[in-house]
2 protein chains.
Amino acid sequence: MRKKSTERTTLEYALLGLICEVPRSGYELRKVFVETAMAGYSGSPGAIYPALRRLEAGGLVAGRARHGGPGRPGREFRLTPAGEAVLQAWLARPVTRDDVALRLDALMLRFAFLGFADSPVRSQEFLESMEAELEGFHTELEDQLETIRSAPVHARLALEAGISSIADRLRWARTVRARLNDLGEEK
Amino acid sequence: MRKKSTERTTLEYALLGLICEVPRSGYELRKVFVETAMAGYSGSPGAIYPALRRLEAGGLVAGRARHGGPGRPGREFRLTPAGEAVLQAWLARPVTRDDVALRLDALMLRFAFLGFADSPVRSQEFLESMEAELEGFHTELEDQLETIRSAPVHARLALEAGISSIADRLRWARTVRARLNDLGEEK
DNA sequence: CTCGGCATGTAATCCGTTACATGATTCT
DNA sequence: AGAATCATGTAACGGATTACATGCCGAG
């Protein structure tokens, strides 16, 4: 999955986003994944704890002991300045074609954290580039639909479902951008 | 990923579906994935060839030499009776909540091959159970939206996108079921 | 006869899953 | 003390990715 060694997994970014404002323990992070079924991430301990250790090893998060509740005392993780920088860089990334075509879930996860961006402009940029790529991908898929006229009915119908869902997400992006605009202006 | 040892990966089912009617070589299979970006599967040789060997080892496909074109002669894979049975069992599976919540892409891939099912009834069953699970998941997500009223705006908006896309897919399923019904009756 | 492109395969690495094991605190 | 519960891990394993290596044919 990693192209450059600086790349992190989606799960790692999710963790960074979740502890960005509220420090949390591994257990609390797991609960978030399990209860909200966030983007389909499973929150198995075998995924989360290793991911937290990778982040800690990279100096992006720091854990400190916490005792107070019942049961075994946990470790509470908070972002380091380096971690904050990595999170912000992630949030500021432009949306690519591959993001909308191959990793739409991860992209929406990123959007969910965009409120933590250093500037409200980030949301606008995100939505604008997302709309552009969605439009491009949409016509790409419609072209593909043309070229597979002879394909089995079910395959064509499945492709139509994909096209429809891209159109749906495009409508979402446009209305959300308008909503956020209004929110920003009336403030 | 495997719960029972009889479970196959999504990629393996995709391969079974693709060679179900037309025997193909690994290279041709790769091209399908690359060109149509099927369900976001990458079609890297490091994934496809091992998957084909697993299927061959399991007796689900059989390869035979093919020479004729230019370049290195390829091996052409076709389904064995056992492979046909596994494919049919996959196509006949009822749609579960996890299918629509966590693996919608894989589910749509399955639909794309439903035309190869042993009975046209399979499509109806598939769509009916899919509609039921989509409805259930939809209300589940709307409940979740209620309970996170205090969450950050962006997170709520992301969830709304998910809800909308489920509704969109539900509309798709209903219209497709009607369309297939008409097609079946006029025949 | 070797060069380029078609086609198959391998190796290293990494992440996620499942299932299990362990630690620490409070309640009875 | 022992059970229950909260919380953190570990081990084995499988599959996907990337990048590289190999084999075989026809054209010049």
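**Exercise 1.** How many residues of chain B are in contact with how many residues of chain A?

*Solution.* The model is predicted, with local features requiring pLDDT of at least 70 and side-chain atom pairs pLDDT 80 or more, whereas totals for chains, interfaces and linings use all residues. Residues are numbered from 1 along each chain as its sequence is written, chains are lettered from A in the order in which they are written, and side-chain values use heavy atoms, without hydrogens and water. Taking contact as heavy atoms within 4.5 Å, 29 residues of chain B touch 29 residues of chain A. The buried area (accessible area, 1.4 Å probe, lost on putting the two parts together, summed over both) is about 2300 Å², with 62% from carbon and sulfur atoms. On the chain B side, B:His154, B:Leu157 and B:Asp168 lose the most area to chain A, together 25% of what that side buries.

**Exercise 2.** Determine how helices H6 and H8 of chain A pack.

*Solution.* Helices are DSSP runs of H or I with at least four residues, and strands are E runs of at least two. H6(A) (residues 104-112) and H8(A) (residues 153-186) pack at about 15°, their axes 14 Å apart, where axes are lines fitted to C-alpha atoms over the stretch in contact and angles between N-to-C directions run from 0 to 180 degrees. H6(A) is therefore roughly parallel to H8(A), a label for angles under 35 degrees. A:Leu104, A:Met108 and A:Phe111 of H6(A) meet A:Arg169, A:Trp172 and A:Val176 of H8(A).

**Exercise 3.** Give the strand order of the open sheet in chain B.

*Solution.* The order is S1-S3-S2, with antiparallel pairing, pairing requiring at least two DSSP bridges. The edge strands are S1(B) (24-25) and S2(B) (61-66).

Conventions
Parallel < 35°, antiparallel > 145°, perpendicular 65-115°, else oblique.
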